[in-house]
Structures are given as structure tokens and as C-alpha cells.
Amino acid sequence: MHNQILSQLRQLKLGGMAGALQSQIEQPGTYEGLSFVERLNLLLEYETSSREQRKQERLVRQARFKLAATVQNIDYAHPRNVTQSQIAQLAQGDWIGRAQNLLITGPCGSGKTYLACALGHSACLRGQSVRYYRLSRLLLELTQAKADGSYRKLLQQLAKVELMVIDDWGLEALTAPQRNDLLEIMDDRHGSSATLMISQLPTDQWYAAIGDNTLADAILDRLMHNAHRLNLKGESMRKVLGQLTQDEHLS
């Protein structure tokens, strides 16, 4: 009968309950003093926890983060013009719920992408959908979608993502179709979804980087309105960590 019940639970996609019941069967003494309702409640709690964990893992996979970063592993030992309290506040995700944006700027190697991926990972743990893109690959995907007729569908999918992380903003000159694509994305997301933009360029140079006055006004108005900002400074983290590794080998 045990095997039959376990099989039925798995058929009903109640794998968490099946695993918890298996534990109760294998360790009867642990649950001996509990009533039927109490043991059932344990099964339900385990199923709920299991589903939540699977959802978090699915969201992290779908986000396609460049780095496996977490808020807990952010390095504050080296000054970068960012504090633990700032990150802790951003990690709560209130700005995502309010469909506000976050702009992270700073020199190459200052840890911009790591911070962004860590905040995105934190959002996944709260059950929010996230997607990481390098700008060049996002624009390429949009171009391919135009060619195969799925452009409108892709725009709708992007608009539904609760937090979109766009890396390497402003590194390459934009073509006229690419500027139009960005305006479509920003317009769809404005007021309904949050965007996290990462760039080596300071924000006062973004206008010129877009390359068209009218579209630059429209894109940046939607992106920068009520946006939170982190302007990282200091020496490259890659260089710092590389030097620390070298010193450890020499010691």
C-alpha cells in the first residue's frame, strides 16, 4: 500500500509529499506521537517548500545570468562607492515591485555585472521573473525575430519579464532599427516592469551614445525617470583579486 500511495502522489505531481511520506515510513519513531492531521500538515508543508524551491531554481535557469552571483557573496572589503546598506535595500526588491529602474555605471572590472546578477538572483528567490541580456545579443535576437515573424511575440514576452537586466549599454553605436527596437522595449516596460541597465559610460554620456536626438529623448525619459543609480568607482576588482591570489601563492 505504501508503494501504491507513493506512486499515486508522484503521478499527481506531488513529489514533495511523496518524499516526505517516504521519510515518515522509513523513520516511524520520529513521527510516532503525532496525530494524523499533524502528519498530514507536515506533508503539505514539505510539498509547498519543495514547489517553492523548484520555482526558484526554474526562475534562475530562465534568467540566464552571466555570473552565479549572490547578495551574500558581494565583496565590500575594497571601496567601490557602494555600501552594504545600499545593496541590502535594493535586494529587498521594492523598486522592482514599483516598476522602477536601476542604473549601474562604473569602469571596466568594477563589479557592475556581479552586483546586477546578485540582485537579479535575489529577485528570483522572491519568485519574480528575471532575464539577463548583453545588449548586443538582445538586439540580435530582435533582428532574428523580425526575420522569422516572431518579433511582436518576443516584444510581448520581454514586456512581461518583471526585471530585465541589460549589460554593456553604450559600448557600440546603434543603428536606426536598433534604436527603434529599444524604444519599443522601454515603452512596453515603462510603468509596468523594472529594467536594470549596466554601462561603463556615465549616464550623462548615454544621450550621445544613442545617436538620435528624438529617440534618445524618448528612450532615456522612460529609462531614467525615477531610476535608482549606483556609480561604482575604484580599482578593477579583477586586478585586485588577481593580485590577492598572486600574493597568496608567494606567501
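1. Which hand does the crossing have where H8 passes H9? The crossing is right-handed. Please keep in mind that this is a predicted model. The axes of H8 (residues 151–160) and H9 (residues 176–189) come within 9 Å and cross at roughly 45°, which means that H8 is oblique to H9.

2. On the H8 side, the contact is made by Tyr-151, Arg-152, Leu-155, Leu-158 and Ala-159. H9 contributes Asp-181, Glu-184, Ile-185, Asp-188 and Arg-189. These residues divide into five nonpolar and five charged, with no polar ones.

3. Asp-181 also turns up in a salt bridge, its side chain meeting that of Lys-146 at 3.0 Å, N to O. This pair links distant parts of the chain, since Lys-146 sits in helix H7 (residues 135–148) and Asp-181 in H9, 35 residues apart. Asp-181 is buried, at 2% relative accessible area, whereas Lys-146 is partly exposed at 39%.

4. The whole structure has five salt bridges. Another of them joins Arg-134 and Asp-168 (2.9 Å, N to O). Arg-134 lies in strand S2 (residues 130–134) and Asp-168 in the loop between strand S3 (163–167) and H9, 34 residues apart. Arg-134 is partly exposed at 27% relative accessibility, and Asp-168 is partly exposed at 22%.

5. Within helix H3 (residues 36–63), Glu-47 and Arg-51 lie four residues apart, about one turn of the helix. Their side chains meet in a salt bridge of 2.7 Å, N to O. Glu-47 counts as buried at 5% relative accessibility, while Arg-51 counts as partly exposed at 42%. Arg-54 joins Glu-47 and Arg-51 in a network of salt bridges.

Technical notes: Residues are numbered from 1 along each chain as its sequence is written. This is a predicted model: local features need pLDDT of at least 70, side-chain atom pairs count only at pLDDT 80 or more; totals for chains, interfaces and linings use all residues. Side-chain values use heavy atoms; hydrogens and water are left out. Axes are lines fitted to C-alpha atoms, for helices over the stretch in contact, and angles run from 0 to 180 degrees between N-to-C directions. Helices (H or I, at least four residues) and strands (E, at least two) are DSSP runs, numbered from the N terminus. Angles under 35 degrees count as roughly parallel, over 145 as roughly antiparallel, 65 to 115 as roughly perpendicular and the rest as oblique. A crossing is left-handed if the near helix is turned anticlockwise from the far one by less than a right angle, and right-handed if clockwise. Contact means heavy atoms within 4.5 Å. Ala, Val, Leu, Ile, Met, Phe, Trp, Tyr, Cys and Pro count as nonpolar, Asp, Glu, Lys and Arg as charged, and the others, Gly among them, as polar. A salt bridge is a side-chain nitrogen of Lys or Arg within 4 Å of a carboxyl oxygen of Asp or Glu. Buried means under 20% relative accessible area, exposed over 50%, partly exposed in between (1.4 Å probe, protein chains only).
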